[in-house]
Amino acid sequence: VTVLSLAFATMLGTVIVLPLYMQSALLITALVTGLALLPGGLIQGLVSPFIGRIYDSVGPRPLVIPGALILLASQIWMHFGLSENTTVWTVIAMYVLFGIGMALVMTPMMTLSLSVLPKHLYGHGSAIVNTLQQLGGAAGTAILIAAMTIGANNSSATSMAAAQADGTSASFIAGGILAAIALVAALFIQAPQRTKVVEQEAPH
């Protein structure tokens, strides 16, 4: 649940900051921005079913730890690679990498977070996971936007586009910290001990 919340915080913060950067620093339209972010979302959706199948064979750790590493790598790349001169294709590549990392983390973690519960508690577990995801997403958005605003205000750039790029770069320091904490938390993940789960009938 901790890894899920941190990953969702990183994801929601990233998908809010990147469009602001692309329209304010790269000066591209909202249509082009949406199209540029489309491949990353498609990749995440396409690979998730295959990751689910692999999860059944290898368990969570071989997927989640590399996924958290990819998340961290994408945040570092965005921090160092985004400027007012960055090409749209570079942003697409960054976001595709980010989407692959998210799929590797989110798909196994959604399964693992509920797999240790008896069936009659699935509804409660799902509600808790969804609530914490939304809280994590709200926190991630606030953290990255705050870092972007502080970075832009403290920028020595002479143009607004360059200042926005500096602020965006600063925001992904915060994103990198969130991803790094998720990576540390992922190291403690264990495969569910299904044999120890005792199914109980729901109270009448």
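1. Helix α2 passes helix α4 in a right-handed crossing; a crossing has this hand if the near helix is turned clockwise from the far one by less than a right angle. The two axes come within 7 Å and cross at roughly 30°. That makes α2 roughly parallel to α4, a term for angles under 35 degrees. Helices here are DSSP runs (H or I, at least four residues), numbered from the N terminus.

2. This is a predicted model, in which local features need pLDDT of at least 70, side-chain atom pairs count only at pLDDT 80 or more, and totals for chains, interfaces and linings use all residues. Residues are numbered from 1 along each chain as its sequence is written, and side-chain values use heavy atoms, without hydrogens and water.

3. A search of the whole structure finds one aromatic pair. The ring centres of Y95 and F98 are 5.8 Å apart and the planes lie at 25°, so the pair is stacked (centres within 6.5 Å, planes under 30 degrees apart). Both residues belong to α4 (residues 88-115), three residues apart, about one turn of the helix.

4. Are Y95 and F98 buried or exposed? Y95 is buried at 10% relative accessibility, and F98 is buried at 1%. Buried means under 20% relative accessible area, and exposed over 50%.

5. L27 sits in the loop between α1 (2-24) and α2 (30-58). L27 has a positive phi of about 60°, although it is not a glycine. With a relative accessible area of 65%, L27 is exposed.

How values were computed. Helices (H or I, at least four residues) and strands (E, at least two) are DSSP runs, numbered from the N terminus. Buried means under 20% relative accessible area, exposed over 50%, partly exposed in between (1.4 Å probe, protein chains only). Rings of Phe, Tyr and Trp (its six-membered ring) pair if their centres lie within 6.5 Å; planes under 30 degrees apart count as stacked, over 60 as edge-to-face and the rest as tilted. Axes are lines fitted to C-alpha atoms, for helices over the stretch in contact, and angles run from 0 to 180 degrees between N-to-C directions. Angles under 35 degrees count as roughly parallel, over 145 as roughly antiparallel, 65 to 115 as roughly perpendicular and the rest as oblique.
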